Amino acid sequence: MSVAELKERLVGTQVWKSVFRHRYIDSNRNRALTVFSNVFLHIHPVKIPEKNLRFWHTMCLGGLSFGLFLVLLVTGVLLMFYYRPAVPQAYRDMKELEFVISSGAFLRNLHRWAAHAMVVAVFLHMARVFYSGAYRPPREFNWVVGVVLLVLTLLLSYTGYLLPWDQLAYWAITVGTNMAEAAPLIGPKFKFLLLGGNIIGENALVRFYVLHCVVLPLAAAALLAVHFWRVRKDGGVRPL
Amino acid sequence: MGDRVQDEPDSDRRRFLWITGVASLSAAGAGGAAVLADFVHPKVLFEPPTAFRIGRPEDFPVNSVSADYDRKVYIVRTEVGFFALSAVCTHLGCITRWLEDEQTIACPCHGSKFGRDGSLALGPAPRPLRRIAIRLEEGELIVDTTVEVQADTVLRV
C-alpha cells in the first residue's frame, strides 16, 4: 500500500471525518471552511487584503503582546507546580526553583522577562494605535477595551511582584498599597481588602496569588477575545 | 400575522413577569454582592499587637533615640520626658532608620529625612513622622501605635 493510498484511507475513516468536516482541496470554499470550522482560527477573518499585512502598519505589536501573554501563561502554570503561596514556603520555593529544580531558573527568568517585555509591547502597541489614529470611530470602544487590557497587564505585573516574598517584593507592595491607600474615600478600605488585613502577611500573599494566577488572567483572556473580535468587526487593520 | 410578535393580549402578564424577573434578579444580585463583600472581609487577623510594653523609663538614657525596628517605633527621651515616634515613613510606608552619627531619621526608599523630634527635614515625605501615644503603667512604658498624638506631646516622667 502506498503512502498516498494510506492517506486516502485515513481521511476516509469516520473518525477523521468526524473531526475534519471538509477535504483539503485548495479551493476558495475550503480555505474559508478551514477558518470557519476551527474554533481557534475562526476569530480571524477569512480573507485579508494583502496591503493590510504590511509590517509597518502594526509592527506586529498586538500579536507580540498576545504571544508574550501565551508565554507567560505556559511558564506561569509550570512555576505553579512548585510554588506554595504561604509564609515561609513561598520564599523557599522560589529559591528551590532558582537553584535546585531542573530548568527552574530558566522558567522563572522566562516568566520575568516575558512580563517586562509584555508591558513594553503593550505600551508600544498603544502608542502605535494612537499615532496611526486607529482609536477613531468605529474603533473607539476597542481603544477602551485596550486601555483596560493595559491596566490588567500592569496589575498582573504588580501582583506577581509580591510572590517571591523577598525584600524587594515586600517593600514594593508596601509602597504600592500605600499609593492605593492615598485614593480619596475608598483608599484605606481598598488597601485593607487588598491585603486582607493591616500588614503584608499571609492573607496578602494568598490574595495576590489568586489575583495573579486566576482572576486577572481570566479577565485578560475574556477581554482579549473581545479585543481581537472587535478588530475584525471594525474592519481590521487599514492602511493609513 | 405581522413581522412583530403580537404582545397585546398578554401585555399585562409579560409586564408582570418582566418586573418580577428583574426585581428578583436584582435582589439576588444585591444579596450576592453583600455576601461577597462580607466574605472578602477577614474576621480574625493574626497580626502583631499594636499596643505593647517597650521597657522601663530607666532603660532609656536622657537625650537618646532608641529604635525598635521590629515594632516600628522610636522611643525618644529628652531632658523633659518621653515621646514615641512611628518609624513608618509618611511618604509610602517604608521603615526609616535612626542614623546616630547624623542625628537624623532617614528613609532608605526615597530619601526622606526627619529630625530626632520627627520633624520633616527633607522630602518627598509630605508630613512629619507620626507621634504616637506613650504612657507609663506600673513602671513600664506602653506604646499604642494606633493612637496619634499632637506633635508637642511629651510624657513627663
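This report walks through the domains, salt bridges, surface patch and aromatic contacts of a predicted model.

## Domain layout

Chain A splits into two pieces: domain 1 covers 3-36, and domain 2 covers 50-233. Take the C-alpha centres of domain 1 of chain A and domain 2 of chain A, and you get a separation of 40 Å.

## Salt bridges

Over all chains, the count of salt bridges is ten. One of them pairs R31(A) with D26(A), with 2.9 Å between the closest N and O atoms. Both partners, R31(A) and D26(A), are exposed.

Another joins E181(A) to K191(A), where the closest N and O atoms are 3.6 Å apart. This pair ties together distant parts of the chain: E181(A) belongs to helix 9 (residues 167-181) of chain A, while K191(A) belongs to helix 10 (residues 187-195) of chain A, and the two are ten residues apart. K191(A) comes in at 14%, which makes it buried, because the cut-off for buried is under 20%.

Over in chain B, D68(B) bridges to R71(B), and their closest N and O atoms sit 3.2 Å apart. R71(B) is partly exposed, with a relative accessible area of 35%.

## A nonpolar patch on chain A

Which residues make up the nonpolar patch on the surface? They are F66(A), L70(A), L73(A), V74(A), V77(A), L78(A), M80(A), F81(A) and Y82(A), and together they have about 810 Å² of accessible area.

M80(A) is worth a click: you'll find it in helix 5 (residues 61-80) of chain A. Its relative accessibility is 33%, so M80(A) is classed as partly exposed.

## Aromatic contacts

Across all chains there are 14 aromatic pairs. Among them are F130(A) and Y131(A), whose ring centres lie 5.3 Å apart with the planes at 80 degrees, so this pair is edge-to-face. Here, F130(A) is partly exposed at 42% relative accessibility, whereas Y131(A) is exposed at 71%. Zoom out a bit and both rings turn up in one aromatic cluster, together with Y135(A) and W143(A).

## Charges over rings

R97(B) is placed over the face of Y69(B), 3.9 Å from the ring centre. R131(B) has its charged end over the ring of F83(B), and the distance to that ring's centre is 3.7 Å.

How values were computed: Residues numbered from 1 in each chain as written. Chains lettered and ligands numbered in written order. Predicted model: local features only at pLDDT ≥ 70, side-chain atom pairs only at ≥ 80, totals over all residues. Heavy atoms only, no water. Domains from an automatic or database assignment. Salt bridge = Lys/Arg side-chain N within 4 Å of Asp/Glu carboxyl O. Buried < 20%, exposed > 50% of the residue type's maximum accessible area, 1.4 Å probe, protein only. Helix = DSSP H or I, 4+ residues; strand = E, 2+ residues; numbered from the N terminus. Patch = residues over 30% accessible without salt bridge, like charges linked within 9 Å, V, L, I, M, F, W, Y side chains within 5 Å. Areas by Shrake-Rupley, 256 points an atom, 1.4 Å probe, with all protein chains shown as cover. Phe/Tyr/Trp six-rings, centres within 6.5 Å; stacked < 30°, edge-to-face > 60°. Lys NZ or Arg CZ within 6 Å of the ring centre and 35° of its normal.
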